[in-house]
Amino acid sequence: MQNMKYLKVTKPLSNVWQISLSSPPDNRLTPELLSEFSQALDLVETQWREIGGGKINPKEREKFEGKGAGALIVTSDTEKFFSNGLDWERSLKIKNFFEEIYDPVIWRLLTFPLYTIAAINGHAFAGGMILALSCDYRVITSGKGFLCMNEVQFGSPLPNSFNALLTLRIPNPRQHRDTLLARRWTQPELLNMGLVDEVVDQDQVVKRAIEIGHKEGLKIAGGSWGAIKRGAYHPVLEYSQSYRKLNLPPQEEADFFKRVGTSTNKAKL
């Protein structure tokens with residue numbers, strides 16, 4: 001339907017749209033990709049509304065073939081990775097990168113008015129895991145497909161919005177702790193935790209997501225699904241807009257020695 005530089009937008013069924021990340025080798029969520037993703041979401045919503053989606057009166061939707069049904073699949077067009085997260089070093093150089101570039105796109109997906117399905121056909125790390133968790137339903141490959149928040153391994157704090165969403169998605173304290181400590185969750189573990197809904201063979205991931213979208217998309221035809229999710233996930237938005245300062249390890253070290261004394265004049269026990 002439409003190819004952009006970093007992703008593709010297609011329409012596998014009359015009321016099912018698909019955004020495929022297509023930025024080899026691992027679909028890094030750069031500002032350019034995120035900008036295209038935002039444009040793609042606007043395109044999908046526009047087309048959905050043009051075929052009856054979001055009309056509150058069922059009689060108004062009856063004249064359309066799909067009666068206002070709508071589902072969106074988010075997947076990868078590259079091998080091995082759904083998304084390997086952000087270009088971390090580059091994101092550090094952009095002031096308020098999360099609050100003003102990354103978070104608005106994720107919030108848009110998290111509260112999208114269509115039924116959203118992550119077709120996870122490869123690994124999803126860090127910001128890529130957050131992308132998958134922002135969808136309503138998740139189907140993952142039985143092949144290579146870990147979910148992992150690996151920020152602790154490269155010395156990054158978690159952005160405010162990440163913390164809020166992970167707290168909502170992973171209420172179990174042990175699982176939440178292990179996630180923050182970069183555990184690579186396997187498909188059976190993810191299914192048991194409720195972080196994914198189905199595990200299927202690699203070549204069936206997108207096909208199964210399309211089937212789910214076709215079945216479930218009619219539930220959101222009346223147009224209130226986005227507003228419902230904005231209420232349910234409002235803490236994520238609040239955390240993002242708090243602009244709470246996050247310290248990298250050098251600042252953590254500087255703050256510590258400022259409090260207890262310099263490294264050559266350490267506090268005595």
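**Figure 1. Packing of helices α1 and α4 in the predicted model**. Helix α1 (residues 31-50) packs against α4 at an angle of about 30 degrees, and their axes are 10 Å apart; axes are lines fitted to C-alpha atoms, for helices over the stretch in contact, with angles running from 0 to 180 degrees between N-to-C directions. The two helices α1 and α4 are therefore roughly parallel (angles under 35 degrees). From α1, the contact (heavy atoms within 4.5 Å) takes in P31, L34, F37, S38, L41, D42 and E45, and from α4 F97, I101, Y102, V105, R108 and L109. Nine of the residues in the contact of α1 with α4 are nonpolar, one is polar and three are charged; Ala, Val, Leu, Ile, Met, Phe, Trp, Tyr, Cys and Pro count as nonpolar, Asp, Glu, Lys and Arg as charged, and the others, Gly among them, as polar. Helices (H or I, at least four residues) and strands (E, at least two) are DSSP runs, numbered from the N terminus.

Residues are numbered from 1 along each chain as its sequence is written. In this predicted model, local features need pLDDT of at least 70, side-chain atom pairs count only at pLDDT 80 or more, and totals for chains, interfaces and linings use all residues, while side-chain values use heavy atoms, with hydrogens and water left out.

**Figure 2. Packing of helices α4 and α6**. The axes of α4 and α6 come within 10 Å and cross at roughly 30 degrees, so α4 and α6 are also roughly parallel to each other. Residues F98, E99, Y102, D103 and L110 of α4 meet N160, S161, F162, L165 and R169 of α6. This contact of α4 with α6 comprises five nonpolar, two polar and three charged residues.

**Figure 3. Burial of helix α6**. Of the 10 residues of α6 (residues 160-169), seven are buried (under 20% relative accessible area, 1.4 Å probe, protein chains only). These are N160, S161, F162, A164, L165, L166 and R169. The buried residues of α6 pack against α4, α5 (127-133), β8 (137-141), α7 (173-180) and α11 (234-241).

**Figure 4. Surroundings of Y102**. Not counting residues up to four places away in sequence, Y102 touches L29, L34, L86, F97, G127, I130, L131 and F162.

Technical notes:
Buried < 20%, exposed > 50% of the residue type's maximum accessible area, 1.4 Å probe, protein only. Parallel < 35°, antiparallel > 145°, perpendicular 65-115°, else oblique.
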